[in-house]
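The entries follow the order in which I looked them up.

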Amino acid sequence: MRSLIDILELDTTEIQQLIDKANDIIANPVKYSEKCKGKKLATLFFEPSTRTRLSFEAAMYELGGNVLGFSEAQSSSAAKGESIADTAKTTSCYADIIAMRHPKEGAPLVAAMNASIPVINAGDGGHNHPTQTLTDLLTIYREKGRLDNLTVGFCGDLKFGRTVHSLINALSRYENIKFVLVSPVELKLPSYVKETLKKNNLEYVQTTDLDSVMPELDILYMTRVQRERFFNEEDYLRLKDSYILRPERLNTAKADLAIMHPLPRVNEISVEIDNDPRACYFKQVLNGKYIRMALILKLLEVE
Ligand code: NCD
């Protein structure tokens, strides 16, 4: 039995298999509509979510399965002081697989150590978000036809953005990826993630200036400044509008740039860009459902 806590638990062959499976699901949805009949997914969300929880639930329904769970800590026994371990043991009595989001780094790992069913990390604090990364990889693959030979810009809150951390780790295993890290100095990529780049001798540049790097990017991965992880509101207010992508900023961008964002967007991308053919963030939302269907099939070992 396998869980998914960190994207690096999947090797690149397995990632390609998940992408291929998602593409097959997109092409032949009916073939999969009863694959998880009689199975239950528990969504244990201790932190707000729209896309991740709903895409997990939609994924399970489209596989013919059912869903149970909670969407805020306050409505679970966590509010009475129950431990993650006990919640995991309890959920194992009722469901076949768990998707858990938690504000504390490592909470889904603790759940996996105590559950008797697979646990999927649906985001743990400022740490990791492996299923968003699978979503991102599927999107890159569908847009570009490859996961190698790309210049990828990450822009915004690279310190607290868990989707950034997981995607950088994932991309570090592909050939000839150049990482362009754009953030205010205060929100630079944490050194433990930068270690991955250094250790693998990967090419990266760090800058505060988005416009100067725009022409070289194949992918621009915009992110929200993660207000809930700040220690004080003043810092958040000072940094929140560091980068706002407006149409004129794209004048120097490649014609086939893919603009991505894990969403939710606050105001990092002006809505005028939504109709630009380079905007991929709503395609990403849909891809998230298909790749989670592929992942559920894999972890439940459904043929
Ligand atoms: C992200 C998250 O929760 O980390 N959202 C998501 O799952 N698509 C990004 C964010 O909240 O900024």
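Which residues line the largest cavity? I listed Arg51, Thr52, Gln132, Thr135, His261, Pro262, Gln284, Val285, Gly288 and Arg292. I note that the model is predicted, with local features needing pLDDT of at least 70, side-chain atom pairs counting only at pLDDT 80 or more, and totals for chains, interfaces and linings using all residues. Residues are numbered from 1 along each chain as its sequence is written, and side-chain values use heavy atoms, with hydrogens and water left out.

**Cavities.** I took a cavity as a set of points, on a 1 Å grid over the protein atoms alone, where a 1.4 Å probe fits but cannot get out; lining residues have an atom within 4 Å of a point. Points are joined across faces, edges and corners, and a volume is the space filled by probe spheres set on them. I found two cavities of 30 Å³ or more. Helix α10 (281–299) gives its lining four residues, the largest share; α2 (51–62) and α5 (130–144) each supply at least two. I used DSSP runs for helices (H or I, at least four residues) and strands (E, at least two), numbered from the N terminus. Domain 1 (7–128 + 285–299) and domain 2 (131–284) each contribute at least three residues to this lining; the bounds come from an automatic or database domain assignment.

**Largest pocket.** I took a pocket as an open set of points with protein on both sides within 12 Å along at least five of seven lines. The largest has about 380 Å³ of space. Its lining has 20 residues, and closest to its centre are Arg101, Arg162, Arg224, Leu263 and Pro264. Both domain 1 and domain 2 give at least three residues to this lining.

**Ligand.** For polar contacts I used pairs of N or O atoms within 3.5 Å. A polar side-chain atom of His129 lies 2.7 Å from a ligand oxygen atom. I recorded 2.7 Å for Arg162, again from a polar side-chain atom to an oxygen atom of the ligand, and 2.7 Å for such an atom of Gln226. On its own the ligand has 310 Å² of accessible area, of which the protein covers 94% (Shrake-Rupley method, 1.4 Å probe).

How values were computed: Polar contact = N/O pair within 3.5 Å; in protein donor to acceptor, adjacent residues only side chain to side chain.
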